Amino acid sequence: MEEGMQLIDENGKFNVDGLQDFVTATEFAQSGLSYAIVAIIGSQRKSTLMNQTFHTKFKEMDAYNGRSQTTKGIWIAKCSDIDPFTIVMDFEGTDSNQRGENDAAFERQSTLFALEIADVVLINMWCKDIGLEHAASRPLLKTVFQVIKRSSKQPKKTLLFVIRDHTKTPLERLKKFIFEDIEKIWDAVPEPETTTLYEFFKVEITALPSYEFQEVEFKEQVAQLRQQFVHSTCPRGLVGDRKKVKSASFSIYAEDIWKTIKENKDLDLPSIKVY
């Protein structure tokens with residue numbers, strides 16, 4: 001199942017039968033609690049990163065045909081050759097112009113779903129966007145932080161920022177920019193003001209060179225990134241605070257979460273659309 005299946009289509013329809021078939025085919029239930037779920041959100045061209053890191057087969061953007069939306073809705077696949085059993089979820093890019101403002105609700109809903117379902121939320125971002133007020137990751141993070149602050153029982157998540165097309169700017173300097181930025185976004189979100197970002201998130205930051213111009217170096221560093229997901233459920237792994245539903249109930253759990261999000265008419269959250 002490395003090629004993936006569409007869990008939720010672009011119209012928000014949940015693929016109940018498809019998920020049940022997926023769970024059966026991958027023997028997900030046999031993993032017990034030894035599993036991890038990774039969601040990748042953020043800028044477009046995420047599928048390339050997913051396929052290189054997790055050996056999946058998500059559809060990728062054709063560089064020769066320019067930027068366009070390749071992932072529609074939410075896709076799910078089993079990661080190949082990683083212990084523990086790892087599921088990866090690919091979401092629509094937040095910087096696509098192919099969804100109009102009327103479809104901004106789906107962007108909000110899918111982000112909430114990623115936050116609820118995943119143990120690790122991997123945020124794909126471009127080096128050139130760091131520090132820009134209207135970069136795709138900023139409104140996305142505002143959405144994430146608003147939800148977290150409203151949910152005091154939310155288990156601790158890992159936010160893994162992956163900086164793409166790393167330039168000559170030292171990584172430590174980029175990390176400083178990102179930490180300052182996310183702390184500013186967190187502090188700008190309304191009450192409760194007494195909570196700190198790091199009560200809810202473990203934050204990790206890594207950088208990768210250009211896939212198009214430095215393919216060899218890119219693949220070498222992606223191999224190192226992949227190693228972070230090996231034994232991720234161990235105490236010092238990416239999946240630290242494990243408080244998840246048993247895998248045997250994952251199908252019902254995921255469907256219920258999406259239904260709750262879709263039916264909640266009171267979600268007063270910002271659009272992730274970039275202006």
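Is Glu215 buried, partly exposed or exposed, and what is its relative accessible area?

Analyst: This is a predicted model, in which local features need pLDDT of at least 70 and side-chain atom pairs count only at pLDDT 80 or more, while totals for chains, interfaces and linings use all residues. Residues are numbered from 1 along each chain as its sequence is written, and side-chain values use heavy atoms, with hydrogens and water left out.

Glu215 is partly exposed, with a relative accessible area of 35%; here buried means under 20% relative accessible area, exposed means over 50%, and partly exposed lies in between, using a 1.4 Å probe and protein chains only. The side chain of Glu215 meets that of Lys219 in a salt bridge, with N to O at 3.0 Å, the term standing for a side-chain nitrogen of Lys or Arg within 4 Å of a carboxyl oxygen of Asp or Glu. Side chains of opposite charge can pair when their charged atoms come close. Lys219 is likewise partly exposed, at 37% relative accessibility.

Both residues belong to helix 7, which covers residues 215–227, and because they are 4 residues apart there, about one helical turn separates them; helices are DSSP runs of H or I with at least four residues, numbered from the N terminus.

Across the whole structure, a search finds 5 salt bridges. Among them is the pair Lys176 and Glu180, whose closest N and O atoms are 2.6 Å apart, and these two residues lie in helix 5, 4 residues apart.
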